[in-house]
Amino acid sequence: MPDLDFTPVHATLRNSTPFTVRALRPADRERIAAALRGLSPETIYTRLFSHRKLTESALDRVMHTDPTTEVALVATVGDGTDEIIIGGCRYIVMAAQPVARAEVAFTVEEDYQGQGVAGQLLAALTELARRRGIAMFEAQVLAENPSMLRVFERCGLPITRRREGDVVHLELSLRHGAGLR
């Protein structure tokens, strides 16, 4: 796992609970497993577009990032042994030419949805992507997930969207001049 040049971000949920956005760490494996196993079938479906159980190989994939093409961040509450992962995001570089593009995805635990976690994760991920030369984020969101669509629409980045069946394809420009609100 890469040692990201990323300073943790401390923020406050809409319900006044403090939380932190930081890089995923190798020591997070059990926290990630607990977070993923605690997700409802609906949350799993809106993130993966299918109902899947967490396997060891899937957990290995979540924990592994290729430092040349991926970034993974988590949102946590508490600290030390009481720290709990409440959300996460990742980008994976899809193409370097002609424009550096990365697919982005988020998961937020149900009790923390609507509290500003995804927006903070997106802002942090955008900062890292820009520093690494990424010019465009792409995302696929189920049309039945209006809360995630609102996160993207409210982020302040220029956005293009098109719908194919039940999936909304989004492109967000990270180029200079495109800023987060």
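How many helices and strands does the chain have? Good morning, everyone; the count is 5 helices and 8 strands, taken as DSSP runs numbered from the N terminus, with at least four residues of H or I for a helix and at least two of E for a strand.

A word on the source. This is a predicted model, where local features need pLDDT of at least 70, side-chain atom pairs count only at pLDDT 80 or more, and totals for chains, interfaces and linings use all residues. Residues are numbered from 1 along each chain as its sequence is written, and side-chain values use heavy atoms, leaving out hydrogens and water.

Let's walk along the chain. From the N terminus, the elements run β-β-α-α-α-β-β-β-α-β-α-β-β.

Now the sheet. The 8 strands form an open sheet with mixed pairing, in the order β1-β2-β3-β4-β5-β6-β8-β7; two strands pair if DSSP finds at least two bridges between them. At the edges sit β1 (9-12) and β7 (159-164), each pairing on one side only. From one strand to the next, the twist averages 25 degrees.

Have a look at β4 (residues 84-95) and β5 (residues 101-108): they run antiparallel and are joined by 8 bridges. Here Tyr 91 stands opposite Val 104 in β5.

Next, helix α5 (residues 146-154) lies across β5, β6 (136-142), β7 and β8 (167-173), at about 155 degrees to β6. That angle is between N-to-C directions, on a scale from 0 to 180 degrees, with axes fitted to C-alpha atoms, for helices over the stretch in contact, and contact means heavy atoms within 4.5 Å.

Finally, of the 181 residues, 45% count as buried, meaning under 20% relative accessible area with a 1.4 Å probe, protein chains only.

Definitions and conventions
Buried means under 20% relative accessible area, exposed over 50%, partly exposed in between (1.4 Å probe, protein chains only).
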